[in-house]
Amino acid sequence: MTWKVYIIETISGKLYTGITTDINRRFKEHQLSIKKRAKFFALSPPKKVVYQESFEDRSSATKKEIEIKKMSKKEKLKLIYIFSNE
């Protein structure tokens with residue numbers, strides 16, 4: 001099973017980082033399901049996935065998620081920029 005780390009940009013421009021095995025399903029859950037969405041999206045709905053990276057196991061994905069969550073917004077935007085220009 002492949003795990004993915006992702007960053008979602010909200011309508012207000014905030015960035016949310018998470019992990020999943022299915023980005024499309026998880027994005028829809030964040031958009032539509034009050035029970036399954038992250039509390040983060042209560043005030044600003046998700047707009048689009050702006051970054052994703054695949055890992056072979058959950059442990060590696062979680063480590064990358066933690067690394068990204070420790071970054072400043074400026075560092076995250078740089079990561080997103082590099083990803084979108086690959």
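Student: Okay, which residue in β2 is the bridge partner of Lys4?

Tutor: Keep in mind that this is a predicted model, where local features need pLDDT of at least 70, side-chain atom pairs count only at pLDDT 80 or more, and totals for chains, interfaces and linings use all residues. Residues are numbered from 1 along each chain as its sequence is written, and side-chain values use heavy atoms, with hydrogens and water left out. Strands are DSSP runs (E, at least two residues), as helices are (H or I, at least four), numbered from the N terminus, and two strands pair if DSSP finds at least two bridges between them. β1 and β2 (residues 15-20) pair in the antiparallel sense over six bridges, and across from Lys4 the partner in β2 is Thr20.

Student: What about the turn: which residue in the hairpin of β1 and β2 takes a positive phi?

Tutor: That hairpin has four residues between its strands. The residue with a phi near 95° is Gly13.

Student: And how many bridges join β1 to β3?

Tutor: β3 covers residues 46-55 and runs antiparallel to β1. In this pairing, Ile8 stands opposite Val49. The number of bridges joining β1 to β3 is eight.

Student: Is β1 largely enclosed or open, and how many of its residues are buried?

Tutor: Buried means under 20% relative accessible area, exposed means over 50%, and partly exposed is in between (1.4 Å probe, protein chains only). β1 spans residues 3-10, eight residues in all. It is largely enclosed by the rest of the structure, because the number of buried residues is six.

Student: How far apart are the closest N and O atoms of Glu29 and Arg26?

Tutor: Both lie in helix α1, three residues apart, about one turn of the helix. Glu29 also meets Arg25 in a salt bridge, at 3.1 Å. For Glu29 and Arg26, the closest N and O atoms are apart by 2.8 Å.

Student: Is Arg26 buried or exposed?

Tutor: Contact means heavy atoms within 4.5 Å. Not counting residues up to four places away in sequence, Arg26 touches Tyr6, Thr20, Lys36, Arg37 and Ala38. Its relative accessibility is 16%, so Arg26 counts as buried.

Student: Last topic, rings. How many aromatic pairs are there?

Tutor: Rings of Phe, Tyr and Trp (its six-membered ring) pair if their centres lie within 6.5 Å; planes under 30 degrees apart count as stacked, over 60 as edge-to-face and the rest as tilted. By this rule the total is five.

Student: What kind of pair do Tyr16 and Phe40 form?

Tutor: Tyr16 is in strand β2 and Phe40 is in the loop between α1 and β3, 24 residues apart, so to speak distant parts of the chain. Their centres are 5.3 Å apart with 45° between the planes, and the pair is tilted.

Key. Salt bridge = Lys/Arg side-chain N within 4 Å of Asp/Glu carboxyl O.
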